[in-house]
Amino acid sequence: MDKPTEGKKPVKKQGPIRVEAVVPMLIVVGATVLYFSLFFDAHLRRGLEYGATQANGAEVNIGRLQTSVFKATVLIGDVQMTDPLQPQRNRVQIGELRFGMLWDALLRGKVMIDEAMIEDVQIDTPRKQAGKVLPPPAPQSGPSASDKMLATMKEEFSGNVVGDLAAIAAGANPSEQLQQIGGDLKSDAYMAELQRSMDETEQQWKARMAALPRGEDFSALRTRLGNVKVKDVKDVAQLQAAVKELQAIRDEFEAKSKPIGEAGTGLSGDLKGLQTSFAGLDDVVREDVRGLQARMKLPTLDARTLSRALFGMDVLNKVQQARGYMEQARQYMPTKGAQQQAKPVPRNIHKGRDYAFGHPKGYPAFWLRRALVTSRLPGGRGLSGEIRDAATDQSLVGRPMIATLKGDFPQQGVAGIKAELVIDHTTQEPVERMELSAARYGVAGRSLVDSPNVTLGFAQAVASASLTAELRGEQVKMQVSNRFSDVAFETTAQSTVVREMMQASLAGLKTVSMDAGVRGTWGDLDWNLSTNLGDALARGMKRYLQEKMDEARKRIQAQVDQRIAAQRQKLTARRDELESRLRSSLADKQAQVDKLRADLEAARSDLEQRKNAATDAQKQKLKQDANQLLDKWRR
């Protein structure tokens with residue numbers, strides 16, 4: 001038994017290290033280390049660029065990105081965010097962004113940044129090549145009320161009112177455009193509706209008049225009234241029979257005359273409605289006149305319209321930007337109520353009570369506790385700021401996000417910047433507040449009016465601006481102010497008259513102010529915009545254009561009146577004829593009713609008198625008989 005078995009290899013003893021398990025593990029670890037060393041930074045950079053591009057609405061580029069897995073640190077450099085309105089320039093450019101994450105949060109699948117550094121921040125910097133701008137997302141269920149409202153305002157503000165006025169001043173005759181304008185007027189459709197309404201009214205009253213009692217019905221009642229014995233009444237019994245018959249005639253008369261009275265009241269109401277409809281034709285005519293003025297590009301010569309044409313798009317862009325930032329903030333930092341609505345409601349299978357407990361050392365999915373923003377330039381000038389508590393779940397953090405910024409951008413010629421942003425989503429009603437001001441910045445080559453007939457802009461100016469906005473739930477409150485001093489205007493026009501008009505309007509104007517206020521809800525915003533430049537243009541243009549504008553409006557009014565005059569006269573004549581015929585027919589019936597009522601009243605009065613006389617006579621006779629009987633008894 002001690003001899004080894006022939007043909008079998010001896011079993012090798014197992015050492016402390018299992019090579020068949022260690023080698024695959026080393027391969028996995030090596031591949032992981034190799035991936036994080038060679039590819040992770042590039043993939044993370046592309047992922048961040050994609051996410052930031054979607055949030056910004058335009059291309060975002062990251063120049064370099066370095067990570068340290070063991071230290072849990074990230075360095076991001078040369079970040080360029082394209083301005084969607086100016087793809088050739090960057091909205092914001094960041095030199096370097098550094099931060100470290102807590103492993104305690106990472107092990108829980110959360111990102112917790114205790115402190116970050118954002119250095120060398122610049123705005124409005126040029127790009128080497130234009131950035132890609134993403135198309136606006138299509139609404140899932142059609143445009144909302146706010147989308148429609150903003151689109152309407154954009155259409156109004158984008159109108160070239162000053163250019164249209166300049167075309168009139170250059171010699172264009174607005175009235176000649178009337179010959180080229182086709183299409184139906186609203187007045188034509190309105191008069192057709194009036195015609196149909198009168199047809200229906202006539203048919204209805206024709207049937208109603210036919211259903212009313214006829215003259216022979218009242219003649220029969222008059223014959224019955226004539227048969228009632230009134231004069232040759234001998235005793236009280238005959239009087240009572242006559243009164244009873246008279247009351248029966250009266251009841252039947254009231255039943256037959258009541259529809260005639262109701263018809264009179266109804267006819268007055270229907271005729272009054274026709275009068276109101278005809279009066280509404282004047283409003284439709286005025287609407288046609290305004291429509292023709294718009295189609296002829298005949299603008300309104302007033303300061304309010306000119307102010308909106310000059311600066312309306314600037315204010316609208318700020319409103320749209322505020323709305324876009326608000327939607328992003330509420331998407332990535334939802335309120336407590338929105339989070340509860342997003343969670344499925346569990347079924348209450350058994351009766352009981354729910355208890356909510358806190359989460360010690362709990363983290364939201366992302367939490368940036370503090371970030372320092374700096375941009376130091378030679379000479380001590382630059383930018384400084386701070387961002388606190390940027391978290392995806394503010395209800396868990398318990399504090400709103402607050403971002404402050406102050407300083408200068410000397411490379412862009414911007415000085416005295418002060419900004420504060422508060423995003424408070426700790427309650428069910430989201431609130432976003434922003435205050436932004438710039439004490440001084442240069443303006444050059446800014447266009448205000450660009451049309452074939454005239455151009456107007458700032459060749460150069462020194463400007464200051466302030467913006468205050470509060471978005472609370474669906475309520476919007478925004479105030480925008482701009483001041484332009486040392487203004488040098490740049491205007492061109494082919495017509496000598498237009499050049500003289502613009503020079504006269506802008507003479508002596510060295511300072512331009514613009515104030516705008518926006519209030520209301522996103523679906524119903526109230527705009528208030530004023531600028532002294534609009535006032536100056538309105539006063540200057542009025543001397544050159546008022547006579548032509550008045551003449552053009554009179555011609556438009558005359559042409560509309562002439563076009564509808566024949567049909568309007570025809571409808572008016574038919575209305576008068578219909579009213580006269582219906583009133584006359586109803587008046588004949590009413591006259592018969594009134595005559596028969598008078599006869600009934602006379603008969604009733606006569607019978608009442610005879611009844612009273614007969615009663616008195618009977619009482620006197622009874623008294624005499626009683627006296628005679630007493631005398632007899634005495635004798």
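Buried means under 20% relative accessible area, exposed means over 50%, and partly exposed lies in between, using a 1.4 Å probe and protein chains only. With a relative accessible area of 43%, Phe39 is therefore partly exposed.

This is a predicted model, in which local features need pLDDT of at least 70 and side-chain atom pairs count only at pLDDT 80 or more, while totals for chains, interfaces and linings use all residues. Residues are numbered from 1 along each chain as its sequence is written, and side-chain values use heavy atoms, leaving out hydrogens and water.

| Residue | Location | Relative accessible area |
|---|---|---|
| Phe39 | loop between α1 and α2 (40-56) | 43% |
| Val162 | helix α5 (residues 161-169) | 2% |
| Thr82 | strand β2 (residues 73-83) | 0% |

Val162 is buried and, counting contact as heavy atoms within 4.5 Å, touches Leu306, Leu310, Val449, Val454 and Met541, with residues up to four places away in sequence set aside. Its C-alpha atom is 9.1 Å from that of Leu456, although 294 residues separate Val162 and Leu456 along the chain.

Thr82, also buried, has contacts beyond its neighbours within four places in sequence, among them Asn56, Pro87 and Gly131. The side chains of Thr82 and Arg127 are joined by a polar contact of 3.0 Å; such a contact is a pair of N or O atoms within 3.5 Å, where within protein one must be able to donate a hydrogen and the other to accept it, and residues adjacent in sequence count only if both atoms are side-chain atoms.

Notes
Helix = DSSP H or I, 4+ residues; strand = E, 2+ residues; numbered from the N terminus.
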